[in-house]
Amino acid sequence: MLYTPTQLADAVLRELGVADASETPDTADRTYVTDTYAAWWEEKASHGNEVVYWEADDIPGPVFLIVRDMMVLECAGAFGQRLDPADKEARKLVIERRLRKHVAVQSSNLPTPASYF
């Protein structure tokens with residue numbers, strides 16, 4: 001399933017507690033989150049990290065929660081939830097590690113048990 005940046009913005013705003021589950025988030029809040037996502041996506045796509053393999057408008061389901069967590073971290077300060085800079089960087093590293101693990105194509109070099117029939 002593919003998600004749009006608007007759906008991402010709604011999920012981020014609900015995670016931050018800015019919008020309730022039953023209400024539609026404010027357009028200005030949605031725009032802020034989608035602009036933050038677009039800047040993040042552009043940065044990841046332009047550096048050749050091969051971390052972002054999807055189009056900006058089509059976020060795949062397997063990475064949606066990872067991207068949501070990153071946008072929550074990036075947008076929290078704008079919605080009154082300040083983080084210590086060191087804590088923010090530590091959380092950012094964990095989230096980026098989850099994303100890199102998702103797109104990793106290298107083997108783990110761990111032995112695979114054989115099954116004989």
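The expected span of a helix here is 1.5 Å times one less than its number of residues. Helices (H or I, at least four residues) and strands (E, at least two) are DSSP runs, numbered from the N terminus.

Before going further, keep in mind that this is a predicted model, where local features need pLDDT of at least 70 and side-chain atom pairs count only at pLDDT 80 or more, while totals for chains, interfaces and linings use all residues. Residues are numbered from 1 along each chain as its sequence is written, and side-chain values use heavy atoms, with hydrogens and water left out.

Back to H1. Pro-5, Leu-8, Ala-9, Asp-10, Val-12, Leu-13 and Leu-16 are its buried residues. Buried means under 20% relative accessible area, exposed means over 50%, and partly exposed is anything in between (1.4 Å probe, protein chains only). The cover over those H1 residues includes E1, H2, E2 and H3. Just after the helix comes Gly-17, with a positive phi of about 85°.

Now for how the helices meet. Two packed helices are described by the angle between their axes and the distance between the axes. In this model, axes are lines fitted to C-alpha atoms, for helices over the stretch in contact, and angles run from 0 to 180 degrees between N-to-C directions. H1 and H2 pack at about 110°, and their axes are 9 Å apart. That angle makes H1 roughly perpendicular to H2; the labels are roughly parallel under 35 degrees, roughly antiparallel over 145, roughly perpendicular from 65 to 115, and oblique for the rest.

The crossing of H1 and H2 is right-handed. A crossing is left-handed if the near helix is turned anticlockwise from the far one by less than a right angle, and right-handed if clockwise. On the H1 side, the contact (heavy atoms within 4.5 Å) is made by residues including Pro-5, Thr-6, Leu-8 and Ala-9, and on the H2 side by Asp-29, Arg-30, Val-33, Thr-34 and Tyr-37.

Thr-34 is worth a stop. Leaving aside neighbours within four places in sequence, Thr-34 is in contact with Pro-5, Thr-6 and Ala-9.

Next up is H3, which covers residues 61–75. Its 15 residues reach 21 Å from first C-alpha to last, close to the 21 Å expected at 1.5 Å a residue. H3 is mostly covered, with 11 of its 15 residues buried; among them are Val-63, Phe-64, Val-67, Met-71 and Cys-75. Those buried residues pack against strand E1 (2–3), helix H1 (5–16), helix H2 (27–46), strand E2 (59–60) and helix H4 (85–103).

How does H3 sit against H2? The two pack at an angle of about 110°, with their axes 10 Å apart. That makes H2 roughly perpendicular to H3, and H2 passes H3 in a right-handed crossing. The contact is made by Tyr-32, Val-33, Thr-36, Tyr-37 and Trp-40 of H2 and Val-67, Met-70, Met-71, Glu-74 and Cys-75 of H3.H3 and H4 meet in another way: their axes come within 10 Å and cross at roughly 165°. H3 and H4 are therefore roughly antiparallel to each other, and H3 passes H4 in a left-handed crossing. Contributors to the contact include Pro-62, Ile-66, Asp-69 and Glu-74 of H3, along with Lys-88, Arg-91, Lys-92 and His-102 of H4.

Glu-74, found in helix H3, counts as partly exposed at 23% relative accessibility. Not counting residues up to four places away in sequence, Glu-74 touches Thr-36, Lys-88 and Lys-92. Glu-74 and Trp-40 are 34 residues apart in sequence, and 9.2 Å apart in space, C-alpha to C-alpha.

Now look inside. A nonpolar core is a set of buried Ala, Val, Leu, Ile, Met, Phe, Trp, Tyr and Cys residues joined through side-chain atoms within 4.5 Å. Of the 27 residues in the largest one, Leu-8, Tyr-37, Trp-40, Trp-54, Val-67 and Met-71 touch the most other members. H1, H2, H3 and H4 each supply at least two residues of this core, and the largest share, nine residues, comes from H3. Leaving aside neighbours within four places in sequence, Val-67 is in contact with Leu-8, Tyr-37, Trp-40 and Trp-54.

Finally, Ala-114 is found in the segment after H4. At 54% relative accessibility, Ala-114 counts as exposed. Ala-114 and Arg-91 are 23 residues apart in sequence and 38 Å apart in space, C-alpha to C-alpha.
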